[in-house]
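Here is a short briefing to read alongside the model. Have the sequence and the 3D view open, and follow the topics in turn.

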Amino acid sequence: MEKIAVIGSGYVGLVTGACFAEIGHQVICVDNNKDKVAALKQGNVPIYEPGLSQLVLKNVKRKRLIFSDSIKEGVENSKAIFIAVGTPPKAKGEADLSAIEDVAEEIAKYMNSYRLIIQKSTVPIATGDWVESTVRMFKKKHAKFDIASNPEFLREGSAIDDFMHPDRIIIGVEAKKARELLSRIYKPIKARIVFTDVKSAELIKHASNSFLAMKISFINSLSRICDASGADIDKVAQGLGMDKRIGKDFLKASLGYGGFCFPKDLAAFINICERLGYNPELLKATAKVNEQQKEFFFRKIKKALWNISGKRIAVLGLSFKPNTDDIRLSPAIDIIRMLKKAGAKIATFDPRAMEKAKRELSGVDYCDNAYDAITGADCLVLATDWPQFSRLDLKRVKRLLKRPIIVDGRNMFDPVNMKRLGFQYSSIGRNA
Ligand code: UGA
């Protein structure tokens, strides 16, 4: 059992803290938002992530997981301190690292003996150097410390499983003592640990996210060629992905990727490259293709409807992907904004993200279920691939729609079957 503090109780921090407690460590999760900490102490998890509430409650009861708004308490009660605070984007995509600097300074002030400070947030290369020099500047003379980088690869919607069963664990660390402590922390998790220097670990995180985003933009580019030529993107992706060197994952054509990771991290990575004197054409093209894909999808809806102004459009899905209530940089929200601007009336439903969407997006009819949204609509737009949408009663959908038009941004249905059922169905890169 190791004593661990996790600073920052956002997505990564909360999942990390709860999972470390679950595998047997004593964990204190710290956040400067007092309301959030008060809620967490009561077992109220502010985000929807399958299994997270139960995991938090279970480990709070076992007294392995506690919450605090005091960094001092975290530092005093731990040997390993994970920094998992937000790094939101500034103008031009650069990551705002001020929260990391503040936390490093605070940790340093309260350290009375050896601590290992581990960076978990996604950060630019050389952030570790900055954390180290900041801690050195503010710490007491006798307090020894090491720093490490341990990027997180969990996905929203499957975060706990991703944390417990990762493909690999990346640890950027120089000191032997620190390496041993991190090895002990991760021992219960059966995965290969790759030890690197701190800068390489920082780069691996950016490289992983941008490579995955690039895979999506690549398949989305191919979907445009399929649309224009009559080829079928699902078959192309299947044939392509069977080559082990390419791999089948992240080759699902869509209306574009979203979320707070890919778009933000890619912009930050582009910014880092430019500051290092390198012009990352491939990364820029990845981001550009993603923006074009959303516009292309909007044009598809326009083509299906002829005129958009005055039409009622049912949009199913608001979150950037299924199994989350996260709407940050969601392509569904972008599409709704484009449709509204073009004069459409929007009726929408999402199984989890309605509350968050209501705070961001007004002038939209939020419905109690998918069928209510569809009733009387001139067109149904599928924006997020929630599994329950693929189980819709299509005959009922057809009866409820004013016109049998479906534009599917997630390729959820078989085009031949949709045609047979009498829909005017269009999707991404498939021609029935
Ligand atoms: C992503 C990475 O997958 C995680 O490894 C990483 O830890 C995380 O970012 C992060 O940096 O915190 P996440 O943003 O939760 O995770 O979601 P993904 O499952 O990667 O999906 C991102 C977007 O790509 C979604 O909008 C999804 O719908 C879209 N997508 C995904 C596609 O359009 N096609 C695909 O084949 C896969």
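Setting aside residues up to four places away in sequence, proline 89 touches Glu94, Phe260 and Lys264. Keep in mind that this is a predicted model.

**Proline 89**
- You will find proline 89 in the loop that runs between strand E4 (80-83) and helix H5 (98-110).
- Lysine 311 is 222 residues apart from proline 89 along the chain, and their C-alpha atoms are separated by 36 Å.

**Aromatic pairs**
- Seven aromatic pairs are present in the structure.
- In one of them, the ring centres of phenylalanine 163 and tyrosine 186 are 6.5 Å apart and the planes meet at 35°, so the pair is tilted.
- This pair links distant parts of the chain, 23 residues apart: phenylalanine 163 belongs to helix H7 (residues 159-164) and tyrosine 186 to helix H8 (residues 176-186).
- Phenylalanine 163 is buried, with a relative accessible area of 4%, and tyrosine 186 is buried with a relative accessible area of 4%.
- Phe20, Phe82, Phe163 and Tyr186 are linked into a cluster by ring pairs.

**Charges over rings**
- Arginine 168 places its charged end over the ring of phenylalanine 153, 3.7 Å from the ring's centre.
- Over the face of tyrosine 48 lies arginine 352, at 3.7 Å from the ring centre.

Note on methods: Residues numbered from 1 in each chain as written. Predicted model: local features only at pLDDT ≥ 70, side-chain atom pairs only at ≥ 80, totals over all residues. Heavy atoms only, no water. Helix = DSSP H or I, 4+ residues; strand = E, 2+ residues; numbered from the N terminus. Contact = heavy atoms within 4.5 Å. Phe/Tyr/Trp six-rings, centres within 6.5 Å; stacked < 30°, edge-to-face > 60°. Buried < 20%, exposed > 50% of the residue type's maximum accessible area, 1.4 Å probe, protein only. Lys NZ or Arg CZ within 6 Å of the ring centre and 35° of its normal.
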